[in-house]
Amino acid sequence: MNARCRALLACSALLSAALVLTGCESVGQGMAESNMRARAERYAAQGNPQFSDPQLQAVVKDFEARYAVIGSDVEKLGLEQGIPCPVSKEVAFKILKAMSVEDYGKMQADVAEKVPGYTNISDLDSIRLSSLSGVCGANGPEGPSVVVGTTRDIMRVRGDGYSMVTVTDTVTRVEGIWVDGERQGQQTLISISGSTQFKETADGQLGENIDEWDFLNEIRNSPTASYTYILPKADGAPKYIVGFGRNHTTALHTTSVTEYLDAQHAYTRIWQGTELLQENRTKDGRLHGWMIMHPTEYDGISVPGRRDCYQNGEQIKTLECPPA
């Protein structure tokens, strides 16, 4: 579930920024660009949330050290320095995406049911997997290992009078311990993605989508980095999943912490910079309880907070949200 969320959020952040700015002619492209750059600088200057929990604080410090070296530079993930792993494309896909090809297809089908005109597939032929340390055989890594690999996702969105295709290439570095083909214990994942957007003509031909506004092209070409830490409990089940999303051009500077309260329930917080934006609780992976959006400021405009109650993934209208 969390790997799915990472992929969708990274993609949606880039596309949302591009779509918002596409319609900015009425308010002035210069103002839109300066506002976004100012937001990016504001969040970057704030730094990252700090925690009293020593495990979470150690993750923040580790991220800050890694990001200072790697940042969003895909070349620094070490793909070309690795030794190719003799695995099938399907095994490599599961190692990099943390789900099977079949589960990924079902997830995308679920999204397509909710978003008209949407399709997303992964190009298995594009997958590479290399070992940087440890053992990597026909079944993938075994024992303490570091691997790095590539994936390519092709998303098409069709609507009234338009069709857009976005090709996203991602390099992912995974550090962990594998036992019988499964990652266990503490894990660290770093993914850096870059996208190219195409317009689709009526006869199905694709042409790269290049805008007259240079800043919009800069957004489309800017890499998005995702650093994810999985911290286990004593029994090996996840205790925390901590994620950092970074794209300075689009002012993406998010930190998320999901705490697993028990086998069913989790509590998630999301920050931009050091500003807490959202809190929510889930049950069996679905929103369950209060979702709290905290007040914030967007380009000088105060945005009020709100509280919405969810039960088993469905929003309900109530003054008292039933307990989980």
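Which strand is N247 found in? N247 sits in strand β9, which covers residues 238-247. Keep in mind that this is a predicted model. Now, is N247 buried or exposed? Its relative accessibility is 1%, and buried means under 20%, so N247 counts as buried.

Let's step back to the whole chain. It has 324 residues, and 43% of them count as buried. There are 6 helices and 18 strands. The accessible surface comes to about 16,800 Å². Carbon and sulfur atoms hold 55% of that surface. What about contacts? Take those with a separation of 6 or more: 54% of them are between residues 24 or more positions apart.

Next, the strands around β6. Strand β6 runs over residues 182-200, and strand β5 over residues 162-179. The two pair in the antiparallel sense, over 15 bridges. How many residues lie between them in the hairpin? The hairpin of β5 and β6 has 2 residues between the strands. Look at D180 in that turn: its phi is positive, about 55°.

Strand β6 has other partners. One is β8, residues 224-232, running antiparallel to β6 with 7 bridges. Find I190, and you'll see its bridge partner in β8, Y227. Another is β7, residues 206-208, also antiparallel to β6, with 3 bridges. There, F198 has E208 in β7 as its bridge partner.

Last topic: disulfides. How many does a search of the whole structure find? The search finds 2. One joins C85 to C136, with the sulfurs 2.1 Å apart. C85 lies in the loop between β1 and α4, and C136 lies in strand β3, so this pair ties together parts that are 51 residues apart in sequence. Both cysteines are buried. The torsion about their S-S bond is about 125°, so this disulfide is right-handed.

The other disulfide joins C309 to C321, S to S 2.0 Å. C309 is in strand β17, and C321 is in the segment after β18, 12 residues apart. Here the torsion is about 75°, so this disulfide is right-handed too. C309 is buried, at a relative accessible area of 1%. For C321 the figure is 14%; the cut-off for buried is under 20%, so C321 is buried as well. Count the bonded cysteines along the chain, and the pattern reads 1-2, 3-4.

Note on methods. Residues are numbered from 1 along each chain as its sequence is written. This is a predicted model: local features need pLDDT of at least 70, side-chain atom pairs count only at pLDDT 80 or more; totals for chains, interfaces and linings use all residues. Side-chain values use heavy atoms; hydrogens and water are left out. Helices (H or I, at least four residues) and strands (E, at least two) are DSSP runs, numbered from the N terminus. Buried means under 20% relative accessible area, exposed over 50%, partly exposed in between (1.4 Å probe, protein chains only). Two strands pair if DSSP finds at least two bridges between them. Contact means heavy atoms within 4.5 Å. Accessible areas come from the Shrake-Rupley method with a 1.4 Å probe; for residues, only the protein chains shown count as cover. A disulfide is a pair of cysteine sulfur atoms within 2.5 Å.
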